[in-house]
Amino acid sequence: MTIQEIQEEIVDEFSMFDDWMQRYEYMIELGKSLPLIEEKYKTDDNIIKGCQSKVWVHAEMKNDKVEFTADSDAIITKGIIAILIRVFSGQHPSAIIEADTDFIDEIGLKEHLSPTRANGLVSMIKQLKMYAIAYQTQLN
Amino acid sequence: MLDVQKIRDDFPILTREVNGKPLVYFDNAATSQTPQVVIDAIVDYYSSYNANIHRGVHTLSQEATDAYEIARKKIQEHFGAKYAHEIILTSGTTHSINIIATGFTSLLSKGDEIIVSALEHHSNIVPWQMLCERTGAILKVIPMNEDGELVMNVYDQLLSNSTKLVFTNHISNALGTINPIEEIIEKAHRVGAAVLIDGAQACPHVKPDVKALDVDFYVASAHKLCGPTGVGMLYGKEDWLNKLPPYQGGGEMIEQVTFEKTTYAGLPHKFEAGTPNICGGIAFGVALDYMNSIGFDNIAAYENELLEYGTQKLLEIEGLKIYGTSKNKTSVISFNLDNIHPYDVGTIVDKLGIAVRTGHHCAQPIMDFYKIPGTVRASFSFYNTKEEIDALVEAVKKAKMMLS
């Protein structure tokens, strides 16, 4: 699936819920399916700055696709990073770099998009894209 | 007895909704809300007599200067200072602390010691570390115990003839512990050290008397006292303020300027370079009037009632742990739910219209002591109610249900 298709799929899933509580509960559920980062990569270098909770992300390139793993010590944050990884993982670096992330607004998590929000969703997106840029450079 | 409903009517913000629920504001330790009289004073200043002060001969400038100096006088009276010129108006507590920390650069030499408490806010640690780097002085720390209290017998051991400055907050922002500052001041003076007390968290709850405390410096911010942000005060004993060099150069702090030599103005202007936050200063005075009209004894008694009620209700939630359990504390409850990150709890209770603080509260050493990433902190003010605490308890229960 393309990034666009995955985003549409997520928007569809979230549209089933009428209130924020159900959306958050679902997000927490999604956090449980997050591809977990290996313990050895849980280093300070892999922590995303700008989050009140800790978020570790690791990226690897396999067959020209970037594969992400992550973890967080807060479960809402874990849900957020799980959604992002579902969208970006297994994609070509150039697709990740070009992707927009407006779907976050559509699934009712707009408040997390504020750059000053303590969960650092914006920092997470930036970090995932930075990995993609790094791998894209290797491909060129 | 406080008529809380009547008091709530003084605060327009308390009628608003957040995420479709009535706002419950429990982040008072970060900043207090603003009563209509203070808002009116701000509007009145800009509508009627906005002008620069201490320099114009025109009527507006005179009116603004008078209002600003009346505010200084009110602050002097409130804090019990001997002279109005011992009150320096600053941009807030952090600014006030930096005036002292910078000023002491010329008074310290290598090997001198500064004692700070383990209960400090970052803004209270960094300026002293910087001062130590500049001067070669050594920073010593009074440790804390499991209840969040300072270990006073260690303090006794840390004090020596090398101690030049002791610094602690009056009340801890992260835990609410009331520190034994009388004892701290008295013992520091015995070895000839100066004492600076950070009253930012204390001033909303108690009315300190700097003369009776015999403290050398005391600092506070208006925005924790129902005043606006961006204004605060530094109290210093006259002798000390005369001894310290100016902090910033600029207009207003000079007596005479030639390119060869500048002589500084007297107190308080020596430390008030540039155009100050005139409106903020005036509003600070009005805020103090407002708080005093309610009465600090009434405030303390009612907030204690809220603290007891909140503590008891929150502890009924299984797996909830409170950090900061000193018998001597103000209406701050810092807590965590078993195995749940404070950020998660804060996010859910915000969705329910409740404002609490989450995180390390700019007091990472305290969090390191308890080996936790942070806490959820609910801090109550005299305009809060028991019903609001009930709403918090329900919200925390809901968060627990969703997050476990």
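Let me begin with a definition: a residue is called buried if 20 or more other C-beta atoms lie within 10 Å of its own, exposed if 12 or fewer do, and partly exposed in between, with the C-beta atoms placed from the backbone. By that rule Asp64 of chain A counts as exposed, because it has 12 C-beta neighbours inside 10 Å.

Please keep in mind that this is a predicted model, in which local features need pLDDT of at least 70 and side-chain atom pairs count only at pLDDT 80 or more, while totals for chains, interfaces and linings use all residues. Residues are numbered from 1 along each chain as its sequence is written, and chains are lettered from A and ligands numbered from 1 in the order in which they are written.

Staying with Asp64(A), you will find this residue in the loop between strand S1 (55-62) and strand S2 (65-72) of chain A, where strands (E, at least two residues) and helices (H or I, at least four) are DSSP runs numbered from the N terminus. Its phi is near 65 degrees, a positive value in a residue other than glycine.

Asn339(B) sits in the loop between strand S14 (332-337) and helix H12 (342-351) of chain B, and it is exposed, with 9 other C-beta atoms within 10 Å.

Now let us turn to a strand in chain B. Which residues of S10(B) point one way, and which the other? Gly232(B), Leu234(B) and Gly236(B) point one way, Met233(B) and Tyr235(B) point the other way, and all are buried. As a general point, the side chains in a regular strand alternate between the two faces of the sheet.

S10, residues 232-236 of chain B, pairs in the antiparallel sense with S4 (residues 87-90) over 4 bridges, and also in the antiparallel sense with S9 (residues 217-221) over 5 bridges; strands are said to pair if DSSP finds at least two bridges between them. Tyr235(B) is the bridge partner of Ile87(B), and Tyr235(B) is the bridge partner of Tyr218(B) as well.

Finally, a detail of the backbone in chain B: the peptide bond from Leu267(B) to Pro268(B) is cis, with omega near 0 degrees. Pro268(B) lies in the loop between strand S12 (262-264) and helix H10 (278-294) of that chain.
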